[in-house]
Amino acid sequence: MISVLILTRNEEQDLPGCLDSIAWSDDIHVFDSESTDATVAIARARGAHFTTRPFDGYASQRNAAMTLPFKYPWVLVLDADERPTAALSAEIQRVVPATPPEVGAFRMRRRDFLWGTWLKHAQLTPLYVRLLRVGCVHYTRDVNEVAEVTGDVRELECPLDHLAFSKGISHWVAKHNVYSSMEAELLVSGDAVRGASWRQALFAKDFHDRRIAQKAIFYELPLRPLVKWLYMMFVRGAALDGSAGFMYVSLHSFYEFLIEVKRRELLRRRAGKTL
């Protein structure tokens, strides 16, 4: 009834738990970016279809994965550190058979966790398009990719759990060090601030269209890392998430600081100035 796609690179730690959470599907595909650990062995031992492809970008990797020969017309797309709850799995299996043809995807609420704490207030973007009708979704943007959907997008009620720090803080920092370099490149090229429309940010009907415009506007703000820390802590209420919320907000503000420092470095390099 529903296929599952898991994108991986060196996910021997998280892949078993992810596979356990979607054991109800008889068509599981692991799309791998040339792992060097036991990811391949785990996937094959568990009976998943396994495909490997050299990584050349987050959007292009997901677009390539969506061309796999899925058994069913609907695909649940996961990262290895994500777990659909039992309630979400049941909801997906109940909703999909009754979905009209004009619907191209479903978005779902994701719960991020740090040190066993659900970051209920700290998390900025809780909605993610993850249940897709094959042929109706195309990914864009080199980092923090965006799903562009042909057709209507509906929302599921039950949550998807995300163990964002399952490999530890050091792994999170290393990953976001790479992300920040890519975001800085997008800022310098102008791609990151394209579509910075207040009207779109406030009144666009689609949640993701609003988020794209809001992010473009955010990138133009002065003192962006400090603004983000204050907004997440006191407007969003991350302080209510305790020490985990404080840590999460501080890490994300540091991530914004890295993007800004790298943006300035790129501009200086292109102007021929001393680094």
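How do the axes of helix α8 and helix α9 cross, and within what distance do they come?

1. Ground rules. This is a predicted model, where local features need pLDDT of at least 70, side-chain atom pairs count only at pLDDT 80 or more, and totals for chains, interfaces and linings use all residues. Residues are numbered from 1 along each chain as its sequence is written, and side-chain values use heavy atoms, with hydrogens and water left out.

2. The helix pair. The axes of α8 (residues 224-235) and α9 (residues 242-270) come within 8 Å, crossing at roughly 160°. That makes α8 roughly antiparallel to α9 (the label for angles over 145 degrees). Axes here are lines fitted to C-alpha atoms over the stretch in contact, with angles from 0 to 180 degrees between N-to-C directions. Helices are DSSP runs of H or I, at least four residues, and strands are E runs of at least two.

3. Who touches whom. On the α8 side the contact (heavy atoms within 4.5 Å) includes W229, M232 and M233, and on the α9 side residues including F246, Y248 and F257.

4. H29. This histidine sits in strand β2 (residues 28-32). H29 counts as buried at 4% relative accessibility (buried means under 20% relative accessible area, with a 1.4 Å probe and protein chains only). Beyond neighbours within four places in sequence, H29 contacts V4, L5, I6, H49, L68, P69 and F70.

5. Cysteines. Searching the whole structure turns up zero disulfides (the criterion is a pair of cysteine sulfur atoms within 2.5 Å). The sulfur of C158 has its closest cysteine sulfur in C18, 18 Å away, so that is too far for a bond. C158 is buried at 18% relative accessible area, and C136 is buried too, at 15%.

Technical notes
Angles under 35 degrees count as roughly parallel, over 145 as roughly antiparallel, 65 to 115 as roughly perpendicular and the rest as oblique. Buried means under 20% relative accessible area, exposed over 50%, partly exposed in between (1.4 Å probe, protein chains only).
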